[in-house]
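Subject: Structure handover

Hello,

Here is the structure we talked about. Please open it alongside this note; my findings follow below.

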Amino acid sequence: MTEYTQGVKLRTGKRKGFFRQLAGQWQLALMSVPMFLYVLLFNYVPMWGWINAFKDYGNRKLVARGITPYNGLANFKWLFSRPDFYQAIRNTLAMSVINLVFGTVSAILLAILLNEVRNRGFKRTVQTVTYLPHFLSMVIVVAMAQNIFATNGPINALLTGVGLAKTPIFWLGEGKYFWWLVGVINVWKEVGWGTIIYISAMTSIDPSLYEAAAIDGAGRFHRIMHVTLPGIRSTFIILLIMNIGHLMEAGFEIQYLLGNGLVASYSRTIDIFVLEYGIQQMDMGVATAAGMFKSVVAIILLVSANFIAKRLGEDTLV
Amino acid sequence: MRKLLSILLVLAMMLALVPAALADGDLEPITLTVFRGDPGDQPYPDNKIYKKIEEEFGVTFEFEFLAGDLDEKLTLMTQDLDDLPDLFDGGNSAEKLIDAGALINLLDYVNPEDTPNLWAHIEPQKNRIITKDEVTGEDVMYIIPNYGLPEGPQIALSVGGPAFFIQKQVLAWGGYPQITTLDEYFDLIEKFLEANPTNADGTPYIGFDILCEDWRRFCLINPVQHLMGHPNDGEVLIDVNSDDYPTETFINRAYAKPYYKKLNEEFQKGIISADTFVMNYDQYIAQLSTGIVLGMFDQAWDFGNATNALLTDKKYENTYVALGLVYDEDDVAGLLPEGWTIEEHYLNGSLPNLDRGFGISVSCECPERIIAMWERMMDEDWQLLFNWGVEGEDYSIVDGRLIMTEEQYANTQDIEWQRHNKARAFFESSPKRQGWILEGDLAGNCWEPGNQNEIVFGLMNDYDKEFLAAYGYSKFADFVNPPIELAPYGEAWQIDKAPIEKDYNDFLNIQDSQLPGVIMANPDDFDAKWDAFVEAINPSCEVYSNFMHEEVLKLVDAYYGK
């Protein structure tokens, strides 16, 4: 252990120390080998495919004969000349942010409410009922939403019935509603699932803190504000950083299923863009370029979120 | 123990004998993997037609039907050309298979000497079916068309393709009027709706549906060319009377505007509902099947499932008649291309369904056996078996005429029955004989029961009989003009748009996102919205028009053997 404290030897010693430490923990290292291989095989090896972003897949007949010449940055240039690609980026970010805010706020709110419920049976029931939709297929959820939000559906019947709207609102066909519809549907589907992790964080809060707060005269609201919320703060930060890494993935299923020609300029996400050009039109070059752009942006977002969290003195991912 | 061993031994020997017994004939039994590019139903293992195929050809099938998006599925399947299904039907996107090099050139096997039946089948249309490979210049045929090569004079009993459809009860209610223009059509629907806002159950009727989901957007786009008096060329209008075949997209032209203006008016009157633009195909079929939709523009095959459902429920008055509407000359005065006259032509000459049907994949190990099987199946006995079934059970021959009883014919419409007794999944995509039986004892009969006089008219329901009698017509095709001769280029929608795919995609996306908005526009904004739409779509229209014109000219040259 001495080499750690002797400044002169520190540089070489650090390296030696790493291997010595590794040798000392070989059982642990061995256990991590499968995961290491998994990540290598499924996350790093496919990156070789990024090379397709610099190839020309425009002519199917040539592609079939294995002729895909390199074309430099042509795919990227084409991509950034397309207004619909910018639209896709905008839609992806907008829906991600809406999902993140709605999803987190609703999950924390519900978790707090459940945490305050003393009747165990009621608590369990609510928890089960709210997380069951998580297991429904998005196809089913969207089909239900299409009926509920149709111009002659229950929502419009309610709105016109109580006089909030004079004529039925065309929820499914107007772009300006699309992002919010996606947000609402996602909240309905995922809110219960999202609470699980917060509830578990709340159960790990030391009960003596609540008792101390109560003795000091804190009411229920104050206990939530000053004990519960600070107690789940680190969980919240970690989840936030992870979710920021996923900001470029606004989901694909819901936009694909709920979207239609009328709202296409609000529903097309980067994933749908990639699907349209890569799989439906077989232009792997453009699709890979779009996917690559997405990954790069996601890495930048993740690293900066992590950096900011570190600066704020919070727990971080790495 | 010894007893158990001996039993096992006997069993093992019996199992070993089975393949030997099967291999007794000339042909080693094989299982062909089959992909169909559309959804379908698996046949039951006891299916009698597949049993006969197995007996004669030693062939059994393993079917996979499309689930999900066709283009995605085909792209993924063709990533590995060594592991393709033997018989590969690429559905509406079979060009993808050809471009990807997934199919073998059938001309290596099909020729007048080795396969006289198949050759005779394609010979009349060989200039359309056999094309030249752009790269190698050799003659190629990847797919024998699954439909559209009929024998004898063309049969047109009803409209199987595009038309404006209207429920029979609406015409009956209106006193069986002659409807030829858009104004008359929507007038009648409006008046009917006014008098009958709901059906007997109290469900409100829907005046006019416009399906515009994905490729079925043709229900929104295509009507203009038909209103101009032209059969179906997809998204372009071609002047067939000029040697140069001028070709242009019609959606961005002045003569398209009156149609959308009319739709805009009907939308304001509530005849068209906004929900129609966000509805998917399943919802559309569900709506039609309940009989609450009074009219729509569509192609008859596209809503066949709805028609069957209505027939099964005996809601004959809710089934549809195809009308051949055209523009009133006054509607488009001054807007027509030079020298254009409007005459209704919804029905076209028989069109080979090019590049549709089974191709044989490059990974198939026994293409010659499949070809030999198809060759034999072109004989009368097999064609009758596929089309009519087993004699005595499914149909009978009386005085040289093929006939079915009402029950037998009803069976053929029943999906469950078909899974036991029909080889649909295989036969629909295989080469087949259609039209008239021209030779032998059965000459004068039709290959398909659906065209046979005794069935079409003998088994027609009473509602339809009275309906036709009221009009003084003998068949439903009488509502439109008789078919015209097929243009030399065929029908232009068959042209593969892959070389201009990105522009074509823009062309479609702009229509999808803006055209419904034009229809739903406030009447004061209509002109502005229409102009904005035309301006947005013009650039891709120009690329598309030029491309199609070149391709049409190539097809014309090929047809005349140049």
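First, a term: two residues are in contact if their C-beta atoms, placed from the backbone, lie within 7 Å. Helices (H or I, at least four residues) and strands (E, at least two) are DSSP runs, numbered from the N terminus.

This is a predicted model, so local features need pLDDT of at least 70 and side-chain atom pairs count only at pLDDT 80 or more, while totals for chains, interfaces and linings use all residues. Residues are numbered from 1 along each chain as its sequence is written, and chains are lettered from A and ligands numbered from 1 in the order in which they are written.

Helix packing in chain A

A:Gln127, A:Thr130 and A:Tyr131 of H7(A) meet A:Val191, A:Gly192, A:Trp193 and A:Ile196 of H10(A). The residues of this contact are 4 nonpolar, 3 polar and no charged. For these classes, Ala, Val, Leu, Ile, Met, Phe, Trp, Tyr, Cys and Pro count as nonpolar, Asp, Glu, Lys and Arg as charged, and the others, Gly among them, as polar. H7 spans residues 120-131 of chain A and H10 residues 175-203; their axes come within 6 Å and cross at roughly 125°. H7(A) is therefore oblique to H10(A). Axes are lines fitted to C-alpha atoms, for helices over the stretch in contact, with angles from 0 to 180 degrees between N-to-C directions. Under 35 degrees counts as roughly parallel, over 145 as roughly antiparallel, 65 to 115 as roughly perpendicular, and the rest as oblique.

Chain A overall

Chain A has 17 helices and 0 strands. Its C-alpha trace spans about 65 × 65 × 30 Å along the principal axes. Of its 318 residues, 28% count as buried (20 or more other C-beta atoms within 10 Å of their own, C-beta atoms placed from the backbone).

Interface

In chain A, 18 residues are in contact with 23 residues of chain B. H4 (60-64), H15 (264-267) and H16 (270-280) of chain A each give two or more residues to that side. H4(A) gives the most, with 3 residues. By class, the chain A side has 8 nonpolar, 7 polar and 3 charged residues.

Sheet in chain B

An open sheet of 4 strands runs S2-S1-S3-S13 in chain B, with mixed pairing (two strands pair if DSSP finds at least two bridges between them). S2 (59-65) and S13 (358-360) of chain B stand at the edges with a single partner strand each, so one side of each has no neighbour in the sheet. S1 (30-36) and S3 (87-89) of chain B pair in the parallel sense over 2 bridges. B:Phe35 stands opposite B:Phe88 in S3(B).

Best wishes

How values were computed:
Buried ≥ 20, exposed ≤ 12 C-beta atoms within 10 Å, placed from the backbone.
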